[in-house]
Amino acid sequence: MTRWLVPLAVAAAAATAGTVAPLASLLLVCLLLGAVVANAPLRGRSGFPDIEAAAKVLLRWGIVLLGLRLSVGDVAAVGWTGIAMVLVTVIVTFRLTQVVGRRMGLDTDLVDLVAAGFSICGAAAIAAVQDSLGARRSNAALGVALVTIAGTTMMFAIPVLATVLGLDPRETSLWMGASIHEVAQVVAGTALVGGGSIAVAMSVKLGRVMMLVPVHHAVIRSNRTPDCPRATVPWFLWGFVAAIAVRSAQVLPDAVLDVGSWTANVLLGAGMFGLGLGLAVRDLWPVPPRALLLAAFATAVATGVPLAILAVA
């Protein structure tokens, strides 16, 4: 029982604290807490295999419940411009990041994790792909750190750039939803813009989250071997799709959806805590300069593509 309660308690505490410091990324905080425990002098030699295994299960259920935030109708409501932003931004960012990262000579797993995280929804996408790839935890942790730093930077930079470019609040919200990585960062950034356009930004952002299944399939397919010739979609992504269908059918009251959203945060945070338990400082430091360059490139693409679409729309 302890192996389940520890990651859940940490994530629930972090989620509650997040109401005081909403700009902090819950998933990054939980990852860092796990890393702190992993590097503590009193840690046993055997580590925490039971807790890590339980946290992985909790993470998968968190991805399932993440689908309850998404409605096909909400995404369709942003119109063709918003839909084009979602599709083109995700596809171009994902593919260009893969191509450039591999040409830079970075570890293939790290490149795929960064490509997924920067094109879709940050840490949650990285966790979903890492789980299926079996990528090293150090690569996953580095990817989460990079996508969080980049998203936080753009959360403050885009409102300033939008003012310089003369964009109105709706255009700025479309841009933020299509380019910023984490859902929470989109909410905070749109609040800085004002104008009541948070629904527009969230609809575009959640449209990107819907691309998790096809991008996951593309990553696994590009890494398949002769021993594993087919790229299969794991059960938790099918659950994610089913949750989207339930939300789109509007059969659940708002109170249940709110509880589901909070529970998804806690479960994803618990999964990140488990990921952090397997990390040591030597696995992350120093950060490879090429990884920083790839993160900067992916952010530039994710920011520039939707801006270009706005310019020609």
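**Figure 1. Helix 9 crosses helix 11 in a right-handed manner.** In this predicted model, helix 9 covers residues 169-179 and helix 11 covers residues 198-209. Their axes lie 7 Å apart, at an angle of about 25 degrees. Helix 9 is therefore roughly parallel to helix 11, as the angle falls under 35 degrees. Helix 9 contributes Arg170, Ser173, Leu174, Gly177, Ala178 and Ser179 to the contact. Helix 11 answers with Val200, Ala201, Val204, Lys205 and Arg208. By type, the contact residues are 5 nonpolar, 3 polar and 3 charged.

**Figure 2. Helix 5 packs on helix 16 at about 155 degrees.** The pair comprises residues 79-103 and residues 289-312, with axes 9 Å apart. Angles over 145 degrees count as roughly antiparallel, so helix 5 and helix 16 are roughly antiparallel to each other. Their crossing is right-handed. From helix 5 come Thr81, Ala84, Met85, Val88, Thr89, Val92, Thr93, Leu96, Thr97, Val100 and Gly101. From helix 16 come Leu294, Phe297, Ala298, Val301, Ala302, Val305, Pro306, Ile309 and Leu310. This contact has 15 nonpolar residues, 5 polar ones and no charged ones.

**Figure 3. Helix 3 passes helix 14 in a left-handed crossing.** Helix 3 is residues 49-66, and helix 14 is residues 254-277. The two axes come within 7 Å and cross at roughly 150 degrees. On helix 3, the contact residues are Ile51, Glu52, Ala55, Leu58, Leu59, Trp61, Gly62, Ile63, Leu65 and Leu66. They meet Gly260, Thr263, Ala264, Leu267, Leu268, Ala270, Gly271, Phe273, Gly274 and Leu277 of helix 14. The contact counts 14 nonpolar, 5 polar and 1 charged residue.

**Figure 4. Ile63 is among the residues with the most contacts inside the largest nonpolar core.** That core has 88 residues. Helix 8 (residues 137-165) supplies the largest share, 11 residues. Besides Ile63, the residues with the most contacts inside the core are Phe118, Val209, Leu212, Phe240 and Met272. Beyond its neighbours within four places in sequence, Ile63 is in contact with Ala124, Ala128, Leu212, Phe236, Leu237, Phe240 and Leu268. Ile63 also takes part in the contact of helix 3 with helix 14.

**Figure 5. Helix 7 is largely enclosed by the rest of the structure, because 10 of its 11 residues are buried.** The helix covers residues 123-133. Its buried residues are Ala123, Ala124, Ala125, Ile126, Ala127, Ala128, Val129, Gln130, Asp131 and Leu133. Ala124 and Ala128 are both in contact with Ile63. Just after the helix, Gly134 takes a positive phi of about 70 degrees.

**Figure 6. Asn139 sits in helix 8.** Its relative accessible area is 6%, under the 20% cut-off, so Asn139 is buried. Leaving out residues up to four places away in sequence, Asn139 touches Asp107, Asp109, Leu110 and Leu113.

**Figure 7. The whole protein has 16 helices and 0 strands.** Of its 313 residues, 50% are buried. Among contacts with a separation of 6 or more, 81% join residues 24 or more positions apart.

Definitions and conventions
Residues are numbered from 1 along each chain as its sequence is written. This is a predicted model: local features need pLDDT of at least 70, side-chain atom pairs count only at pLDDT 80 or more; totals for chains, interfaces and linings use all residues. Side-chain values use heavy atoms; hydrogens and water are left out. A nonpolar core is a set of buried Ala, Val, Leu, Ile, Met, Phe, Trp, Tyr and Cys residues joined through side-chain atoms within 4.5 Å. Buried means under 20% relative accessible area, exposed over 50%, partly exposed in between (1.4 Å probe, protein chains only). Helices (H or I, at least four residues) and strands (E, at least two) are DSSP runs, numbered from the N terminus. Contact means heavy atoms within 4.5 Å. Axes are lines fitted to C-alpha atoms, for helices over the stretch in contact, and angles run from 0 to 180 degrees between N-to-C directions. A crossing is left-handed if the near helix is turned anticlockwise from the far one by less than a right angle, and right-handed if clockwise. Ala, Val, Leu, Ile, Met, Phe, Trp, Tyr, Cys and Pro count as nonpolar, Asp, Glu, Lys and Arg as charged, and the others, Gly among them, as polar. Angles under 35 degrees count as roughly parallel, over 145 as roughly antiparallel, 65 to 115 as roughly perpendicular and the rest as oblique.
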